[in-house]
Amino acid sequence: MVVPPESEELPRANIKRIVKAKLAELARSQLGQERDIPVQKEAFQAFAESTRIFIHYLSATANDICRETKRQTINADDVLRALDDLEFGEFVEPLRASLEGYKAGRKSMPKKSSTSTSKRKTSTTKNKEKAQKAFREGDGEDEEETMQ
């Protein structure tokens, strides 16, 4: 099995936590008791790899849907439609409900104060002005290099 580049790997701890939680839930519903079901390390790797492949496949399908509508940015509706196209329609409604809950939770959160944003803008403007002044005075540095 080819190991994907590290940038494409999913967090192993998250995969392990999700798999163990689902197995415990299945044991509780089928056996009537909560059990810790042992899982081999290779099985976790298989879960991680299959999840990575599924995410790539879902992303590519959502991207195709997005392009069909002549847009460049994939949105949640594209992903939900891709799930339906890939015959995972039973997940669409629970995911839509989860997305709505997430949006409602974000609306109820207090907004960040704009002072931090204005401070960043002010310091960025000051840095740009310093860079332009240094460039005009001819200290030998490029304006772009000074601003970065």
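**Exercise 1. Characterise the contacts and overall make-up of the chain.**

Solution. The model is a predicted one.
Step 1. Among contacts in the chain with a separation of 6 or more, 35% join residues 24 or more positions apart.
Step 2. The secondary structure consists of six helices and zero strands, which read along the sequence as α-α-α-α-α-α.
Step 3. Of the 148 residues in the chain, 15% are buried.

**Exercise 2. Determine how H1 is oriented relative to H2, and which residues meet.**

Solution. 
Step 1. Helix H1 covers residues 12–31, and its axis comes within 10 Å of that of H2, with a crossing of roughly 105°.
Step 2. Angles of 65 to 115 degrees count as roughly perpendicular, and H1 is therefore roughly perpendicular to H2.
Step 3. On the H1 side the residues are Ile15, Lys16, Val19 and Lys20, and they meet Phe44, Phe47, Ala48 and Thr51 in H2.
Step 4. By class, the contact of H1 with H2 divides into five nonpolar, one polar and two charged residues.

**Exercise 3. Carry out the corresponding analysis for H3 and H4.**

Solution. 
Step 1. Helix H4 spans residues 92–108; the axes of H3 and H4 come within 10 Å and cross at roughly 165°.
Step 2. Angles over 145 degrees count as roughly antiparallel, and H3 and H4 are therefore roughly antiparallel to each other.
Step 3. The crossing of H3 and H4 is right-handed.
Step 4. Ala76, Asp77, Leu80, Leu83 and Asp84 of H3 make the contact with Val92, Leu95, Arg96 and Leu99 of H4.
Step 5. The class count for H3 with H4 is six nonpolar, no polar and three charged residues.

**Exercise 4. Identify the residues of the largest nonpolar core and the elements that give two or more of them.**

Solution. 
Step 1. The largest nonpolar core has eight residues, namely Leu58, Ala62, Ile65, Leu80, Ala82, Leu83, Leu86 and Val92.
Step 2. Two or more residues of this core come from each of H2 and helix H3 (76–85).
Step 3. One core member, Leu86, touches Tyr57, Leu58 and Thr61, leaving aside residues up to four places away in sequence.

**Exercise 5. Is Thr61 buried or exposed, and which residues does Thr61 touch?**

Solution. 
Step 1. Thr61 belongs to helix H2, which runs over residues 41–68.
Step 2. The cut-off for a buried residue is under 20% relative accessible area; Thr61 counts as buried because its relative accessibility is 13%.
Step 3. With residues up to four places away in sequence not counted, Thr61 touches Ala82 and Leu86.

Technical notes. Residues numbered from 1 in each chain as written. Predicted model: local features only at pLDDT ≥ 70, side-chain atom pairs only at ≥ 80, totals over all residues. Heavy atoms only, no water. Helix = DSSP H or I, 4+ residues; strand = E, 2+ residues; numbered from the N terminus. Buried < 20%, exposed > 50% of the residue type's maximum accessible area, 1.4 Å probe, protein only. Contact = heavy atoms within 4.5 Å. Core = buried A, V, L, I, M, F, W, Y, C linked by side-chain atoms within 4.5 Å. Axes fitted to C-alpha atoms, helices over the stretch in contact; angles between N-to-C directions. Parallel < 35°, antiparallel > 145°, perpendicular 65-115°, else oblique. Left-handed = near helix turned anticlockwise from the far one by under 90°. Nonpolar A, V, L, I, M, F, W, Y, C, P; charged D, E, K, R; others polar.
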